[in-house]
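Please examine the model below with regard to its aromatic rings. The questions that follow ask on what grounds each term is applied.

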Amino acid sequence: MTVQVSRRGLLKGVGAGLAGGSLGALGFGGLQPAMAAAVRPFKLAQMRETRNTCPYCSVACGVILYSLGDRSKNARSSVMHVEGDPDHPINRGTLCPKGSALLDFIHADTRTKYPLHRAPGTSEFKRVSWDFALDRISTLLKEDRDRNFLAKNGDLTVNRWTTTGFLGASATTNETAWLTYKVVRSMGALVFDNQARV
């Protein structure tokens, strides 16, 4: 059976089909509510969402950490899912294989979770408080700077300290990087590099 369609009839049919399809796509049909009712509840809807930066390389990709727990006094939060942050300007929701495996890194038994100190002459690390660790670092830095700071080289003022090096993190904001640079340079340190070059 052959159907004869005039050019005008073809254009009317195509136009009506396009109009109907466009209205359906814009949500004017019954398709949208039916589809929404068929979708099962999202499994991460009840979790707490925290945005962070991937700790691995110097790209500083944004990640979203999903954790269970309502942060009440006797409850411990636990990260259950990690994914790329679609609103982050660097990675726009994508993660490399290392970033995708962050959940294993977070729950690893070998991950360092608190400061450790090995006293001189011993072979064992022991757990110390954050106050002890920060005081120890600042004391050693001050002792080394006082001992090795060079204010003048002949008649020329140089104000340099070359016996201690600093490594800046590249997974920081511009403001944090600027502040780190200013603090390190104000102490006279010349040995200052960034993780991005390592």
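Q: Why does Phe-105 count as partly exposed?
A: The relative accessibility of Phe-105 is 35%. Buried means under 20% relative accessible area and exposed over 50%, with partly exposed in between (1.4 Å probe, protein chains only), so Phe-105 is partly exposed. This is a predicted model, in which local features need pLDDT of at least 70 and side-chain atom pairs count only at pLDDT 80 or more, while totals for chains, interfaces and linings use all residues. Residues are numbered from 1 along each chain as its sequence is written, and side-chain values use heavy atoms, leaving out hydrogens and water.

Q: What makes the pair of Tyr-56 and Phe-105 tilted?
A: Rings of Phe, Tyr and Trp (its six-membered ring) pair if their centres lie within 6.5 Å; planes under 30 degrees apart count as stacked, over 60 as edge-to-face and the rest as tilted. The centres of Tyr-56 and Phe-105 are 5.6 Å apart and the planes stand at 55°, so this pair is tilted.

Q: Why is the pair of Tyr-181 and Phe-192 called tilted?
A: The ring centres of Tyr-181 and Phe-192 are 6.0 Å apart with planes at 50°, so the term tilted applies.

Q: Why is Tyr-181 called partly exposed?
A: Tyr-181 has a relative accessible area of 38%, and is therefore partly exposed. Phe-192, at 22%, is also partly exposed.

Q: What makes Arg-127 sit over the ring of Tyr-114?
A: The criterion is NZ of Lys or CZ of Arg within 6 Å of the ring centre and within 35 degrees of the ring normal. The charged end of Arg-127 is 3.7 Å from the centre of the Tyr-114 ring.
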